[in-house]
Structures are given as C-alpha cells and as structure tokens.
Amino acid sequence: MVELAIVLPVLLLILVGIVQFALVYHARDVATTAAQEGARLAAAEGRTPEDGAARTRDVLRSGLGETGAGFSVTAEDMGETVVVGASGDYPLIIPWVTGNSIQIRAEAEVRWEEFRSGP
C-alpha cells in the first residue's frame, strides 16, 4: 500500500503529461494541414487568397472545434507564390504549468498554378 501511494501520483503525472503532449502535437498537425490546404486552394487557377483563408478556417474548425475557430488566419499574394498562415493559442489541460495555453503557428507557401500555352 505504501509503495502504491508513492508511485501512483508519479504515474498519473506521467500519464497526464503524455496526453497533453499528444493533444499539442495533434493541434500543431491540424494547423499545418490547414495552412497547406488553404495555400493549395488559393494557388489554384481562378482562386484568390481569400478562398485559401476560408478553407484554412474550415479545416481548423473541423480539426480543433471551438479552439480552432479562435485561430487567426492570414493569406497573402507574394507575386509568384501564395503564403497562408494560421496561429492561435491552444489551451493546456495541465493547470499547474506556467500559462494556460501554448502558441501554435503554421505557415505554407505554394506557387501559383497557371496555364501556360505554347512550348
């Protein structure tokens, strides 16, 4: 019983840390995917950076729920490329960690797709 009383809090702390790491990793992956999807859509012929920003917001909401709705999304025409970025605060489930959220940022850059006639 004494050993269990000593080891159980440590094991629970490790388990909560693993879950928190997995949640943050998932949020980073969703933000990266959202930025890439938005950049690909924005770079398609006949599309605008605003279309890409809207797609990025949709993917963030689908993957992160209400937390994803709080992310800020930027989409810029850089001449030959489109750059789409997503950033926001992701809440932590561990209350005793400094700060209650972690900053997540993702950015994707894709060349404009254009039809070029001739050789």
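Which residue forms a salt bridge with arginine 61, and how far apart are the closest N and O atoms? It's aspartate 58, at 3.6 Å. Some notes from going through the model, which is a predicted one:

1. **The aspartate 58 pair.** Both partners sit in helix α2, three residues apart, or about one turn of the helix. Arginine 61 counts as partly exposed because its relative accessibility is 42%, and aspartate 58 gets the same label at 39%.

2. **The other salt bridges.** A search of the whole structure turns up three salt bridges. One of them joins glutamate 37 to arginine 55, with the closest N and O atoms 3.0 Å apart. Here glutamate 37 belongs to helix α1 and arginine 55 to helix α2, so the pair ties together parts that are 18 residues apart in sequence. Glutamate 37 is partly exposed at 28% relative accessibility, and arginine 55 is partly exposed with a relative accessible area of 32%.

3. **Arginine 111 and glutamate 80.** These side chains also meet in a salt bridge, 3.2 Å from N to O. Arginine 111 is in strand β3, while glutamate 80 is in the loop between β1 (72-77) and β2, so this pair links parts 31 residues apart in sequence. As for accessibility, arginine 111 is partly exposed at 49%. Glutamate 80 comes out at 51%, and it counts as exposed because the cut-off is over 50%.

4. **Length of α1.** Helix α1 covers residues 2-43, which is 42 residues. At 1.5 Å a residue it should span 62 Å, and its end C-alpha atoms are 63 Å apart, so the two values agree.

5. **A bend in α1.** The helix does bend, by about 25° at leucine 8. A proline, proline 9, follows within four residues.

6. **What α1 buries.** The buried residues of α1 include Gln20, Val24, Val30 and Gly38, along with several alanines, among them Ala27, Ala31 and Ala43. What covers the buried residues includes α2 (49-64), β2 (81-91) and β3 (101-111).

7. **A nonpolar patch.** There's also a nonpolar surface patch of about 760 Å². Its members are Met1, Leu4, Leu8, Leu12, Leu15, Val19, Leu23 and Ile93. Leucine 23 is found in helix α1, and at 30% relative accessibility it counts as partly exposed.

Conventions:
Residues numbered from 1 in each chain as written. Predicted model: local features only at pLDDT ≥ 70, side-chain atom pairs only at ≥ 80, totals over all residues. Heavy atoms only, no water. Helix = DSSP H or I, 4+ residues; strand = E, 2+ residues; numbered from the N terminus. Expected span 1.5 Å × (residues − 1). Bend = angle between axes of the 7 residues up to and from the residue. Buried < 20%, exposed > 50% of the residue type's maximum accessible area, 1.4 Å probe, protein only. Contact = heavy atoms within 4.5 Å. Patch = residues over 30% accessible without salt bridge, like charges linked within 9 Å, V, L, I, M, F, W, Y side chains within 5 Å. Areas by Shrake-Rupley, 256 points an atom, 1.4 Å probe, with all protein chains shown as cover. Salt bridge = Lys/Arg side-chain N within 4 Å of Asp/Glu carboxyl O.
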